[in-house]
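I opened my notebook to look at how two chains meet. Here is what I had on screen.

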Amino acid sequence: MSLLINDFDPILLTLLIPTVGALAIGIAGRINDNFRETVTLITAGLLAYTVWGIAPEVLDGERPSVKLFDIVPGLEITFNIEPLGMMFACLASGLWIINSIYSIGYMRGNKEKHQTRFYIFFAVALAGAMGIAFAGNLFTLFLFYEALTLSTYPLVSHKGDEKTVRSARVYLGVLLTTSIGLLLPAIIWTYSLAGNGDFVLGGILEDHINGPAIGLLLGLFVFGIGKGAMMPVHRWLPAAMVAPTPVSALLHAVAVVKAGVFAITKIIVYIFGVDFLFSEPSSGWLIYAASFTIIGASLVALQQTNLKRMLAYSTIAQLSYVIMAASVLKPLAEVGAAVHIVAHAFGKITLFFAAGAIYVASKKTELHQLSGIGRRMPWTMTAFSIGALSMIGVPPTAGFVSKWYILAGSFQSDNYVAITTIILSTVLNAAYFLPIVYMAWFGKDSREGQADHGEAPLPAVIALTITAALTILFFLFNGPVLELERQIVEVPR
Amino acid sequence: MSSWTPHLPALQVVVPLMTAPLVALMGDRRLSWAMATTASLCALAIAIALVGEVREHGTAVYEMGLWEPPYGIALGVDAMSALLLLVVTGASTFGLLASASSLSSEVEHERQPNFYAAWLLALSGLSGILVTADAFNIFVFMEISSLSAYILIAGGPDKRALPSVFKYLAMGTIGATFYLIGVGLVYMMTGTLNLADMEQRLAEVGDLKPILVAAGFITVGLALKAAIFPLHVWLPNAYTFAPNVVTVFLAACATKISIYVLIRFDFFVFQANLSKHDWQFSYFLMPLAVLGILVASIVAIFESNLKRLLAWSSVAQIGYIILGASLISAAGLTASMLHMFNHAIAKGTAFLALACLALSVSQLDIKNIGGIAKQMPWTMAAFVVGGLSLIGVPGTAGFISKWYLIIAALDTGDLALPLVAVILIGSVMAVVYIWRVVETAYFGQGAGLLTGDTIKEAPLAILIPTWVAVLLNIWFGLAPGLPVELSSTAAKLLMGHMP
């Protein structure tokens, strides 16, 4: 597959396109709204084309890399593409196109203000996500991680009213405190132990650290990467729900949260090394912490009355699936962790799209208001139902595929903690999703909200239909992703 | 140009010193501004040339009147002085460029020529401290710079500046006097005032008690001038009530020069000659540094006057600089000097942004700037970047010095964990006090309503120097090669004098 501009390194292009796009969106926004939307879609399209263009190489085993420059000797900005990052980048860039289509429907349908600012920072956030996906060492990862936090702040605080600003403060506060207070020392500690922070398959820490220090360092990383939303650093995610739904859909179902668990998984595989970590008893706490988050978040989700907050807690639980699977430290489970990043993304973005569609069409936000809404919004609720089934992990949805691999990996290592948690959480997921689905289709028409309404605006419906279809298609056509992710466990050390 | 090169150390002081009386004689304020700014730009050019000299030859030495030391006064510029010369001349230049727009609201036209003359005297005094290699010469220049600083700070319209200046004057004079007493004691025991000579002659001195006393006096005296906790009490008010461009200049460099003298004196003269002096230096300054970081940051969080908020932030940042120095390691000293440079850029940017704000709002209070970002987007964006640099976000200059400081702290063994914790807690507290301002400016309401101001974006004449400073933050955050090189050379130099 030929690449766009052949003498430009494609990795750098993936950073340049959204950044230049952000500027172009800003200029276009002064001219005309339709022009601005077109620029956004073109930027997203170009980015996806460039990113997907790199994928075949990586599938073949190539690991393209480029060094940007040295900041000081020992600290460099380097990019290095490997299977996890490739998958994450393809996911984020592909879904950005669909999310942009959805945003057009949502932002206009809701008559939101400051739309140009919204699209600009969205593009910058995607540049940050690309930087995280392709980072070749810890410092580069940290640089773009912080950029992602800062660029998403204006998106979360978009509405600008007092409640939103307060929640945005929690968002920024938790993410910056964890990254400066925990992640930064972890990174510096790693650099001082190993001499560098490069991502190498098999890890770089093996001869430099042992004993309880390993557990401590792992803890600093896992809790320092607040975007992975493991309890107790999860508070920012429900707080972020004050953002317009396209933000919740792409960023807090896909880009930001997946950047978090992606970074955690990457650090487990490429900084610690799976086998090394498995042989160390002090890393054992991680699986318990992840399981606790899964069960805890599911229980909290059960009690929620607001649709988006329930989805937020469901996301927290699902993110810890990835962390828990990664901490089983067996090949099948590692693959399951990676695949769940994709599977959950498809399902959750569908659910958020549906939630936003419901809000635009009927201004409804609470669960009890959704009674009978399936009959008025059949497309939306069908998509919602598919997303819900994917969360529970029922075939023929994407969620089933990843759950299968995670379970298989857990059985392989007789990890009863993981097995029990998966079974329990599946039951809990069903407990909070199925009643909503049932009520939406078969319940009596709710008296509240706009009594007479139909489906959401067309762009929104198109977007959620596509992602719902992807959720089902992934069940059938997941070969390339599985093959890609197998490479992180099969390469000989 | 090469014929000027040997005279550069002297010219660094002479150019602003000789221009000062000329500026005072100018009748027209615009002419005096133009002359002062030109002199400052020349000083900046000389500083840059000196950096080149130092990188090539290691030092640039000059004997005044060709009298050899220790009888004559020798000037010597090495990596440490060159780095700080960049800071001083840079801060002065940016302040003067901004003053074209900012000064007239605070100082009447008739007084401006004298004001600019005082500015140039301050610049020559601070530069003089950096280029001289003679202990008494340091005192002379210290007095020149302090006295002109008092004049500058008291120059504004705010009557509260006068008691603040008096406090600064009293504490500053005590500090300078202590320093002089210390130098006197060393002179008494060694018979020389030249720093290099002192180091050698001290080795032959029999009774070291007066030297210890001298070290005590010098340390406390310079700590007073450097606003090291708890001798910092003069700083917040002095910075707050000074004219805005004066704060830009002084916040970027004044205290750092005193820290420079402290470190230089201590490492060059005392470390090699007093037993266990490294232990004394460390254990005296490290707790003070830690307290400075923590206490000053907490106070900043609750402060509502924007200038005082940043002034307390400066006390905390001085704590970081002292912390690095108190580690008595090459890594610690590198971090310390790097932070002198990077903090100057970050704080300079932030105070420049405040100077822009002050053109629209008469009271720089957090209650008065709600939502001001809508009308002054460029100003607030500059403040945000300066703030991010103070917090230490990667990609900004402030991050680089924090990185080095944490690595230096990790090498200290038992103390590593608490020191790293203090540094990181300080950063998180910086997030709180910076973000309060940013949030109010972007999401609040009622800018200028308290005082009936009309808000509009600052003029280009002041926005351009502000944004050059912003871009320097990012440049030195991504390409810090030069300051890192100078700092580590300086650190090696200093550690070379350890026993």
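My entries below follow the interface from its overall extent to its details.

**Entry 1: confidence.** I noted at the outset that this is a predicted model. The predictor assigns the complex an ipTM of 0.85, along with a pTM of 0.89. For chain B I looked up the average pLDDT, which is 90, and 99% of the residues score at least 70.

**Entry 2: extent.** How many residues of chain A are in contact with chain B? I found 28 residues of chain A in contact with 25 residues of chain B. Together the two chains bury about 2,300 Å², and 84% of that lies on carbon and sulfur atoms.

**Entry 3: polar and charged links.** Between chain A and chain B I counted two residue pairs in polar contact, with both residues at pLDDT 80 or more. The salt bridge count between the chains is one. A:Arg169 and B:Glu439 form a salt bridge, and their closest N and O atoms are 2.8 Å apart.

**Entry 4: elements on the chain A side.** Which elements of chain A give two or more residues to the side that touches chain B? My list reads β1 (65-72), β2 (75-80), α5 (138-156) and α6 (162-194). The largest share, 14 residues, comes from α6(A). Sorted by class, this side of chain A has 20 nonpolar, five polar and three charged residues.

How values were computed: Residues are numbered from 1 along each chain as its sequence is written. Chains are lettered from A and ligands numbered from 1 in the order in which they are written. This is a predicted model: local features need pLDDT of at least 70, side-chain atom pairs count only at pLDDT 80 or more; totals for chains, interfaces and linings use all residues. Side-chain values use heavy atoms; hydrogens and water are left out. Contact means heavy atoms within 4.5 Å. Buried area is the accessible area (1.4 Å probe) that two parts lose on being put together, summed over both. A salt bridge is a side-chain nitrogen of Lys or Arg within 4 Å of a carboxyl oxygen of Asp or Glu. A polar contact is a pair of N or O atoms within 3.5 Å; within protein, one must be able to donate a hydrogen and the other to accept it, and residues adjacent in sequence count only if both atoms are side-chain atoms. Helices (H or I, at least four residues) and strands (E, at least two) are DSSP runs, numbered from the N terminus. Ala, Val, Leu, Ile, Met, Phe, Trp, Tyr, Cys and Pro count as nonpolar, Asp, Glu, Lys and Arg as charged, and the others, Gly among them, as polar. pLDDT is the predictor's confidence in each residue, from 0 to 100.
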